[in-house]
Amino acid sequence: MALTVTPCNPYDARIGRHELVRMPDGVSAFKVYFVSIVGRSQPQRYEWDQCELAPDAFIEQFRQMDWGGVGFVTAFPHITKVFRFSPQAEILMLVAAYDTRTGKPIDLARGEGYVEFACYAEALLAADEYRFWAEAATVPDYLEPFSDAGKATVESNTKLAAYVAAANRG
């Protein structure tokens, strides 16, 4: 099968404010991380300080959606992912996504049987959050620490395309 690579945007993420959000059911709780991607065209789509939705308004909307479970959230102005530990097998982390502005679900299928797991900032947060979960003796112990990841920069967003082009020439 030939590998086709399509262009993608540059990626320079900043992980900013974070907050523990307890849900109305009194059981569910999520650590919310606000993440911006800086330096792209349309900063209002990718940067919290440029978009029309304020983080406090996001928190209130998120609470009203009443997600169930325990885990963490990566909130970008354009997409939000909810990562939770599976109630059926709590050693597994599950993920769902929705459009931050509209609340409509986003399908994470990316073709050829693959699904999107995470961008770089989300992967850094997921690694820390999974470690916090694994090391915690109780859910309150898990909910206490927050990741100290602050920046996630992909140095080259064209290396796969260059690699495939070179391989096809040679």
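**Is F146 buried, partly exposed or exposed?**

With a relative accessibility of 21%, F146 counts as partly exposed. The labels work like this: buried means under 20% relative accessible area, exposed means over 50%, and partly exposed is in between, using a 1.4 Å probe and protein chains only.

## Before we start

This is a predicted model, so to speak of local features a pLDDT of at least 70 is needed, side-chain atom pairs count only at pLDDT 80 or more, and totals for chains, interfaces and linings use all residues. Residues are numbered from 1 along each chain as its sequence is written, and side-chain values use heavy atoms, with hydrogens and water left out.

## The overall layout

The protein chain has five helices and nine strands. Here helices (H or I, at least four residues) and strands (E, at least two) are DSSP runs, numbered from the N terminus. Reading from that end, the order of elements is β-β-α-α-β-β-β-β-β-β-α-α-β-α. The C-alpha atoms fill a box of roughly 60 × 35 × 30 Å, taken along the principal axes.

Of the 170 residues in the protein chain, 36% are buried. A contact means heavy atoms within 4.5 Å. Among contacts with a separation of 6 or more, 57% are between residues 24 or more positions apart.

## The sheet

Seven strands make an open sheet with mixed pairing, in the order β6-β5-β4-β3-β2-β1-β9. Because β6 and β9 stand at the edges with a single partner strand each, one side of each has no neighbour in the sheet. Two strands pair if DSSP finds at least two bridges between them. In a regular strand, side chains alternate between the two faces of the sheet.

Let us walk through some of these pairings. Strand β1 (residues 11–22) pairs with β2 in the antiparallel sense over eight bridges, and R22 stands opposite A29 in β2. β4 and β5 are also antiparallel, with six bridges; T80 has Y98 in β5 as its bridge partner. Y98 in turn has P105 in β6 as a bridge partner, and two bridges join the antiparallel strands β5 and β6. These two strands form a hairpin with six residues between them, and G103 in the turn has a positive phi of about 80°.

Helix α2 lies across β1, β2, β3 (70–75), β4 (80–85) and β5, running at about 55° to β1. For that angle, axes are lines fitted to C-alpha atoms, for helices over the stretch in contact, and angles run from 0 to 180 degrees between N-to-C directions.

## Rings that meet

A search of the whole structure finds 13 aromatic pairs. Rings of Phe, Tyr and Trp (its six-membered ring) pair if their centres lie within 6.5 Å; planes under 30 degrees apart count as stacked, over 60 as edge-to-face and the rest as tilted. Y33 and F146 are edge-to-face because their planes stand at 70°, with ring centres 5.8 Å apart. This pair links distant parts of the chain, 113 residues apart: Y33 is in strand β2 (residues 29–37), and F146 is in the loop between α4 (139–143) and β9 (151–154). Y33 is buried, at a relative accessible area of 0%.

F34 and W48 are another edge-to-face pair, 5.0 Å centre to centre with 85° between the planes. F34 lies in strand β2 and W48 in the loop between α1 (43–46) and α2 (55–65), so the pair ties together parts 14 residues apart in sequence. F34 is buried at 3%, and W48 counts as buried at 9%. Ring pairs also link F30, F34, W48, F58 and F62 into a cluster.

## Charges over rings

The charged end of K31 sits over the ring of Y142, 4.0 Å from its centre. R40 does likewise with Y46, at 4.8 Å from the ring centre. A charge sits over a ring if NZ of Lys or CZ of Arg is within 6 Å of the ring centre and within 35 degrees of the ring normal.

## A look at T100

T100 is in the loop between β5 (93–98) and β6 (105–106), and T100 is buried, with a relative accessible area of 2%. Not counting residues up to four places away in sequence, T100 touches several residues, including W48, F58, F76 and T80.

The side chain of T100 makes a polar contact with the side chain of T80 (2.7 Å). A polar atom of the T100 side chain also lies 2.6 Å from the backbone oxygen of F76. A polar contact is a pair of N or O atoms within 3.5 Å; within protein, one must be able to donate a hydrogen and the other to accept it, and residues adjacent in sequence count only if both atoms are side-chain atoms.
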